[in-house]
2 protein chains.
Amino acid sequence: MARLVQKFGGTSVADVDRIKIVAQRVKREVDAGHEVIVVVSAMSGTTNQLVAWTNQTAELADPKEYDVVVASGEQVTAGLLAIALQAIGVPARSWMGWQIPLKTDEAHGKARIQNIDLAEITTATARGEVAVVAGFQGATEGRRVTTLGRGGSDTSAVALAAAFDAERCDIFTDVDGVYTTDPRIVARARKLDKITYEEMLEMASQGAKVLQTRSVEMAMNHRVRVQVLSSFVDRPGTMVVDEDEILEKQVVSGIAYSRDEAKITVAGVLDRPGVAAGIFGPLADAGINVDMIVQNVSRDGKATDMTFTVGKADITRAVKVLEANRDHVKYETILSSADVVKISVIGVGMRSHAGVAQKMFKTLADKGINIQVISTSEIKVAVLVGEEYLELALRALHSAYGLDAVEAAE
Amino acid sequence: MARLVQKFGGTSVADVDRIKIVAQRVKREVDAGHEVIVVVSAMSGTTNQLVAWTNQTAELADPKEYDVVVASGEQVTAGLLAIALQAIGVPARSWMGWQIPLKTDEAHGKARIQNIDLAEITTATARGEVAVVAGFQGATEGRRVTTLGRGGSDTSAVALAAAFDAERCDIFTDVDGVYTTDPRIVARARKLDKITYEEMLEMASQGAKVLQTRSVEMAMNHRVRVQVLSSFVDRPGTMVVDEDEILEKQVVSGIAYSRDEAKITVAGVLDRPGVAAGIFGPLADAGINVDMIVQNVSRDGKATDMTFTVGKADITRAVKVLEANRDHVKYETILSSADVVKISVIGVGMRSHAGVAQKMFKTLADKGINIQVISTSEIKVAVLVGEEYLELALRALHSAYGLDAVEAAE
């Protein structure tokens with residue numbers, strides 16, 4: 001007997017028929033004697049509809065009321081899954097965030113979990129009742145409804161798994177695991193049996209959409225064993241685990257990419273202390289996240305160029321912020337471009353292996369791909385290239401690092 | 001300055017554009033200095049969709065989970081209306097049943113309100129904030145979500161008006177008031193300026209769908225002045241008030257009808273004590289409501305016929321229950337018929353006027369309409385007739401009691 005948390009995303013609970021299939025999936029674990037908490041997302045499409053309504057009602061909706069509206073989607077799925085479980089003889093009840101309670105701070109729309117009181121739920125699961133929790137939502141101390149941000153159901157699931165002391169947290173999604181890279185682009189991409197938290201974190205934050213970044217962080221901090229798997233096929237997925245659990249570490253485990261990048265160059269800024277703060281301070285104040293940053297060596301000891309990336313959605317606003325601060329930060333001109341992609345090579349083995357970055361640069365150079373920006377971390381090398389090179393670069397790097405699946409080889 | 005409760009039904013909040021119009025309507029009362037609680041239903045169609053999903057998930061859904069699912073509709077409208085009010089400069093926040101809290105018993109699906117704590121809401125309305133309450137829902141002592149039954153938002157509104165000590169409870173719907181009879185059938189039907197609680201109660205329970213019966217009962221018990229009016233046109237509706245407020249009482253105020261009737265005759269039962277209990281006991285046990293009951297004089301001192309009406313949806317089940325009890329209640333045969341309608345003439349003036357029933361019988365006889373069953377109360381005479389006579393009977397009675405509008409007269 002073990003304690004399990006199983007999370008089912010939007011496509012897994014797209015309609016009543018899919019919800020019934022999920023109920024059967026959960027029943028297998030109950031029949032095996034496990035205590036189960038299930039976390040559900042809204043039926044696919046629901047959240048988009050609810051968000052659209054709030055946008056139609058007001059250009060800038062009160063986040064407190066936005067949360068009330070969008071949290072209703074998960075409530076519906078939780079009730080329906082509880083009904084579906086009962087219909088096949090599995091005792092079950094739904095739990096809204098406020099009923100648990102799952103307490104969050106007051107940052108509506110992207111609230112952070114502060115405390116989960118599992119007293120009532122553990123009593124229920126101990127007597128064999130499945131707890132069906134509405135994901136993505138919580139409540140403040142003042143009993144207002146909050147949501148955890150897009151993809152927040154993953155975070156709900158991992159947080160509940162930590163509080164429940166669960167043996168495993170299964171994240172059911174529409175892919176059957178974490179791949180070495182996007183299989184829609186690289187046919188020889190392989191599903192990974194295991195991946196470390198650190199790698200998964202880099203994969204998620206570098207653009208792989210399989211898990212929400214915050215949920216991986218939380219899994220890492222609380223050492224929650226997370227499995228990513230498909231609710232559409234019946235086979236093991238990818239386990240996200242501690243580094244100790246992986247015996248043969250790959251130098252490179254995966255290659256992520258993100259199309260959601262735009263490049264801005266502030267050209268001809270004075271090369272003197274404080275200039276970076278002058279540029280990035282106002283951007284931070286405007287809530288614009290800056291990712292990669294490169295400062296060139298000044299050409300004449302006086303002026304230099306500052307290049308950085310922001311999310312594609314922020315590019316117009318970022319340029320406006322910079323123009324509004326031109327008096328403060330003197331510069332010649334601003335260049336911006338949205339036709340770029342970021343490609344990241346990720347692997348904990350990099351720590352002990354030299355030459356990983358060099359292999360990346362050489363592989364891209366051999367294909368005639370120009371690198372626009374480079375950034376690195378302990379277990380990642382990321383480059384910005386023209387977006388027309390994405391597929392070419394991904395396939396070349398996948399081969400170069402020996403990630404190609406054998407069975408797909410010719 | 002007054003305290004008002006305004007309730008907007010499904011068609012009044014059908015989509016975002018309608019919700020914005022409602023916000024403008026509420027703003028007028030706020031601008032006039034009133035403290036306002038708004039009660040909203042789900043956007044029209046939403047509740048039906050949610051109910052359909054629960055039915056598709058299980059033939060017999062757990063009422064506790066059914067309530068979780070269907071209560072989500074009002075949550076969405078409440079959030080959206082709060083956003084719409086804020087967008088036009090009116091401070092507002094949404095309130096779910098559990099947040100108020102509006103405490104109910106545990107009769108899920110048709111819960112009864114036990115207690116409303118308005119401490120937080122009155123603090124909010126006192127500082128000029130509109131409280132947008134999700135109608136139709138409450139919560140049990142054990143923090144489970146409950147719903148008040150179909151049309152329950154009317155009950156929410158009246159209960160809140162009573163607790164709020166509101167000067168008036170406006171029920172906005174898709175008709176502009178209470179009519180002497182259905183204007184779709186009788187062109188000369190007139191809108192009533194005022195109607196007594198007792199009459200409204202009879203109208204509602206005899207088939208007029210403008211207000212939920214329970215909400216009228218509650219308004220009568222707590223002397224809440226209810227106004228029924230349209231959110232689509234801007235003119236006064238019908239006030240439902242105490243009898244004292246109506247100076248010139250009409251003998252007959254309105255004529256209601258219900259197509260939801262079916263007639264059952266248990267023929268040839270022994271005319272002896274206990275036979276009625278033998279028939280109606282098992283029906284009550286099966287949760288079948290019996291409305292009109294007639295027992296004929298026995299033909300030979302031994303056998304008699306018992307005729308009664310049940311809801312159309314219950315007719316097959318009612319006959320089965322009677323057949324199952326044939327050993328217990330001996331009878332010759334059971335006759336049932338669903339092609340009947342009930343027509344009710346209603347008015348508090350009846351108490352002091354003789355001849356109201358006689359006029360009804362004569363009017364119907366003159367048109368050649370056979371009366372199948374009769375039942376009366378202090379302020380009502382109801383008859384069951386063949387459904388093909390509905391329009392003819394309504395028009396004839398409407399004229400006979402002097403209810404025809406003058407302006408529509410030729």
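**Close-up views of a two-chain predicted model**

View 1. Ser12(A) is buried, with a relative accessible area of 0% (buried means under 20% relative accessible area, exposed over 50%, partly exposed in between, with a 1.4 Å probe and protein chains only). The model is predicted: local features need pLDDT of at least 70, side-chain atom pairs count only at pLDDT 80 or more, and totals for chains, interfaces and linings use all residues. Residues are numbered from 1 along each chain as its sequence is written, chains are lettered from A and ligands numbered from 1 in the order in which they are written, and side-chain values use heavy atoms, with hydrogens and water left out. Ser12(A) sits in the loop between β1 (3–8) and α1 (16–31) of chain A; helices (H or I, at least four residues) and strands (E, at least two) are DSSP runs, numbered from the N terminus. Its side chain makes a polar contact with the side chain of Ser231(A) at 2.7 Å. A polar contact is a pair of N or O atoms within 3.5 Å; within protein, one must be able to donate a hydrogen and the other to accept it, and residues adjacent in sequence count only if both atoms are side-chain atoms. Leaving aside residues up to four places away in sequence, Ser12(A) touches Arg18(A), Ile19(A), Val22(A), Phe172(A), Thr173(A), Ser231(A) and Phe232(A) (contact means heavy atoms within 4.5 Å).

**View 2. The interface of chain B and chain A.** Each chain is represented in the contact, with 37 residues from chain B and 37 residues from chain A. About 3,300 Å² is buried between them, and carbon and sulfur atoms give 63% of this area; buried area is the accessible area (1.4 Å probe) that two parts lose on being put together, summed over both. On the chain B side, Thr57(B), Trp98(B) and Arg143(B) lose the most area to chain A, together 21% of what that side buries.

View 3. The rule finds two salt bridges between chain B and chain A, a salt bridge being a side-chain nitrogen of Lys or Arg within 4 Å of a carboxyl oxygen of Asp or Glu. Glu120(A) forms a salt bridge with Arg143(B), and their closest N and O atoms are 3.2 Å apart.

View 4. In chain A, a cis peptide bond joins Ile100(A) and Pro101(A), with omega about -15°. Pro101(A) lies in the loop between β3 (92–95) and β4 (102–104) of chain A. In chain B, the peptide bond from Ile100(B) to Pro101(B) is cis, with omega near -10°. Pro101(B) is in the loop between β3 and β4 (102–104) of chain B.

View 5. Phi of Asp165(A), a residue other than glycine, is positive, near 55°. Asp165(A) is located in the loop between α6 (152–164) and β9 (168–173) of chain A and is exposed, with a relative accessible area of 63%. Phe136(B), also not a glycine, has a positive phi near 75°. Phe136(B) lies in the loop between β6 (130–134) and β7 (137–139) of chain B and counts as buried at 7% relative accessibility.
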